[in-house]
Amino acid sequence: MISRAARSEHVSGWLFVAPAALLIGIFGILPIGWAALLSFQNNDLLTTPTWVGTQNYHTLVNDPVFRQSVNHTIVYTLLFVPLSVGGSLALAMLLNARIRFSRFYRTAVFIPVATSTVATGLIFNWLLEPTYGVANYMLGKVHLGPYGFFQDPDQALYSIVAMTVWGWLGFDVIVYLAALQGVPESLVEAARLDGAGRWATFRHVVFPLVSPATLFLIVWSTINALQVFDEIYVTTRGGPLHATTVMVYYLYSQAFEFFHAGYAAAIAEVLFAITLVFSLLQLWLGNRRVHYGS
Amino acid sequence: MRWPLPFSPRHLALMPIAALMLLPLGWMLLTSIQTLPESRHFPPVLIPSGFHWQNYPDAWNAAPFGRFFANSMIVTLSAVAGNLVFCSLAGYAFARMRFFGRDVLFVALLATLMVPFQVTMIPTFLIVQKMGLVNSLPALIVPNLVTPFGIFLLRQFFRTLPIELEEAARMDGCSRLGVLVRVVLPLSMPALATLAIVTFLWTWNDFLWPLIVITSTNQSTVQLGLAQFQGAHQTNWTLLMAGNVMALAPMLLVFIIGQRWFVQSLASTGLK
Amino acid sequence: MRRLFLIAATALLVASAGCGGSSSSNGVVNVTVWHGYEDIEGKAMTSAAARFNATHPKIHVTVTNYGNADYALQKVLTAIRGGAYPDIAYLYGSWAANIARSPTAVDLSSRIKEPGVNWNDFWPAERQAVQVGGKVIGMPALVDNLALVYNKKLFDQAGIPYPTANWTWDDFRAAAQKLTDPSAKQFGWAYVADGSEDTVWRFDALLWQAGGDILNSDNTKAEFNSPAGVQAATLLQQMATVDHSVYLDNGNDNYANLFNSGKIGMLFTGPWDLSSFPDVDYGVQVLPGLTNHQTISGPDQWVLFNNGSQRTQAAWTFLKWFTSPQQALIWSTQTGDLPIRASETQLPGYDAYVKKYPGVSVFVQNEANALKARPVIANYNEVSQAMGQAIEAVLLGKGQPQQELDQAADQADQTLATGQ
């Protein structure tokens, strides 16, 4: 009996995932296979490619800009993920209350996510412009700065972090707001009645209950942060002096400025490996700590 | 000590944050009512000479935007529907069912997110071409019918639901599909609303893929239409921003409607 | 849920009903043209196609906007890869040498000798830019050059005479200094300092004026780190880091809006920017010079792709018509773009064009100062990036001219040695 039930679960499980697996197989796995082959080629997308074995990977090892791009990508990710996930949890907690204008606040937080990156880039270009920008004007009022922001090689990457956290915060907030609906008010009230303070209630009741969402956001944000591109494309374009050249920006310029698609694919494969390690580690650690209720 | 003011202290934190977040909309609205010469100033003109609403009809008439909105709507709603259905099925299987190769498959799905689009763009085009879909709306729909994002999101949410309810339903003779549709989904409205909003947003704002796969005006989307205001040598900022405001409207509408699901469910999940 | 699914299914059906095709039917050959023009130029393009279709019943030309700049290249490359390319595409100059290697690009070298083309009527810089290794890979679409555009009011306020055609680098530097006023946040000059081709081509003009060159004559070795190159980079260094008379633009084209707001005295820029300055009374003069007043020209091309001989012939017929002197002058008059042919200046309508666009005549004359072209080689973009990083470092005060240019030259030499 048991084995038959288990067997039927194998079948129905696969039936449930079949449409998704089929579509993602065609539009996800196949292109990745193609990219993997490409990384062993000298390919300009225009003429007949030639097989070069692992040469692209050997070149990568000694490419100083590539190494820089790996560093920038990892620094960016290590800053972006905690700031955006932590910040959005705080903001979601603030928003998850029956107060006036809550609908307005939630909509406001959502707006940067819905705005086109071109418009976002323009605004930050103005805010952070060193000579005429608003940020330096305000900071000058409190005797700080002026800062170079996007134009200073030592500040540009951090400026990108600030801009992207601002732009993506609303996204994480939506996910957290949804997760917070699963936190029964009765539990929170019970904790309060037991004399737990605000922080203790959050720490021991709310936080564990939204931990599945936290794991999701950490894995998801990491995958995206490692591929940051659009916001850099509309502001610094990898500069000044390669200070914001991250891996995807570098592979983009190799493929579509220098016509080295094979080399670009090799960069993508390294990025893939880094991402996979990060994600597996997060899922493995997460599964030991995340509280799935019941 | 009691809070002395007649409003929640949360407002003190939320007001400045909201102001910061409203910047892009404010900027877009401001530029969209300026004259073209006014938009060509830096630092920007903050008080325009008047309300040049004419930019809106001008932007709308610069290209067949009625058609573009209809196309975008077809593509986006199809993607939202596809994601709600297929991600629910797959997310539930990954959350609750034990089947051969489950964990490997899950990681494989996630792995498809780990290679940047700049690299997979060309093979994806070749596949769509093989299917005979180039320059048609299905080329924008089919690859977006299901996303690993949605599967992962729903899997995480489904796992937090009280399993006792599902077990009880199964005891009553419900099939797996029955449990999903009658028990799990009604309890997951916040998560489904999130998925719907996010899918709407991405599909509506998608630019590079439509640019590559669509070559005729008839099949163009809103974002492709907007790109036409950014020329090779000049950008018409006033029309671009007027167009952007119009393109933002449906997304805001969806969000404002979707919000109901976030708030309402607070009261209705008394089940737990 | 069920209703949503129905919507999806209907959407699929509705969408798949509308499909496009572009093969020939009832004897009419269809030609597709991809371009990146918007607004006025976009309308001019559509109206040109309409004029052509009205007079050529056997050919039907359809024009499509394919996005701007970098995105367009991604679209073209994908289309070439999938064999779904148009008959004609507007391509930026720096891509030409690469696109030329695709077997789908049509070599026009025999066609340009046809009667009526009058090839030598195109400016020298345009002709050089399409000649890649014995092939001619396109027809001139657009030509630009750099001149000195200045704000008359700021010159008057500073009490200095307007630039002349005999201005030297010293005259220029001194004027920039006088036009600079830190308290008013006003700068004498602006320079695009993002390390892109925008950074590099302005430097190229200075380099050539100083008697230098980018690469050696057979394009195998970098020469931009010559004494002439160092002299040019030193001028930039002195003005940016000693005089502080230069606004460093980070590539977002703030300089144009700043100039229009009266914050910048002078620009090295081209005719495409003039319409961005509606609020400034500006003058146009040739670039300040050293041994001469050379400028640089940035031509873009129409490239033909092979979709079979019938369509290629029809596409060629369109291009030949579109780049003829009469049509080119109509285009210039509608858009303000520079004439792509010397003979346009002899046509009766030319005076009207010059009157309509103040300052444009200096740019037309300045085309004669465009004596040299950037090397048309496949790895030019890599050479350019190395140069751009060096110039940017000098401008930001992060490096010395000689040392930075030497380092960039090493990188360029490596690239040139690997070849393609």
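Predicted model: local features only at pLDDT ≥ 70, side-chain atom pairs only at ≥ 80, totals over all residues.
## Basis of the model

Local features are given where pLDDT is at least 70, side-chain atom pairs count only at pLDDT 80 or more, and totals for chains, interfaces and linings use all residues. Residues are numbered from 1 along each chain as its sequence is written, while chains are lettered from A and ligands numbered from 1 in the order in which they are written.

## Chain B

Chain B has 14 helices and zero strands. Helices (H or I, at least four residues) and strands (E, at least two) are DSSP runs, numbered from the N terminus. The C-alpha trace of chain B spans about 70 × 70 × 30 Å along its principal axes.

Of the 272 residues in chain B, 56% count as buried. A residue is buried if 20 or more other C-beta atoms lie within 10 Å of its own, exposed if 12 or fewer, and partly exposed in between, with C-beta atoms placed from the backbone. Two residues are in contact if their C-beta atoms, placed from the backbone, lie within 7 Å. Among contacts in chain B between residues at least 6 apart in sequence, 73% join residues at least 24 apart.

## Where chain B meets chain A

On this interface, 75 residues of chain B are in contact with 73 residues of chain A. The elements of chain B that give two or more residues to this side include α1 (10–32), α4 (65–96) and α14 (237–268). The most comes from α1(B), with 12 residues.

The residues on this side of chain B divide into 56 nonpolar, 13 polar and six charged. Here Ala, Val, Leu, Ile, Met, Phe, Trp, Tyr, Cys and Pro count as nonpolar, Asp, Glu, Lys and Arg as charged, and the others, Gly among them, as polar.

## Strand β7 of chain C

Strand β7 (residues 147–151) of chain C is mostly covered, with five of its five residues buried. Ala147(C), Val149(C) and Asn151(C) point one way from β7(C), and Leu148(C) and Tyr150(C) point the other way.

Two strands pair if DSSP finds at least two bridges between them. β7(C) pairs with strand β10 (residues 264–269) of chain C in the antiparallel sense over four bridges, and Ala147(C) stands opposite Thr269(C). β7(C) also pairs with strand β11 (residues 282–285) of chain C, in the antiparallel sense over four bridges, where Val149(C) stands opposite Val284(C).

## Helix α15 of chain C

Helix α15 (residues 380–395) of chain C is largely enclosed by the rest of the structure, because 16 of its 16 residues are buried. The expected span of a helix is 1.5 Å times one less than its number of residues. For the 16 residues of α15(C) this gives 22 Å, which agrees with its end C-alpha atoms being 22 Å apart. After α15(C) comes Gly397(C), whose phi is positive, near 75°.
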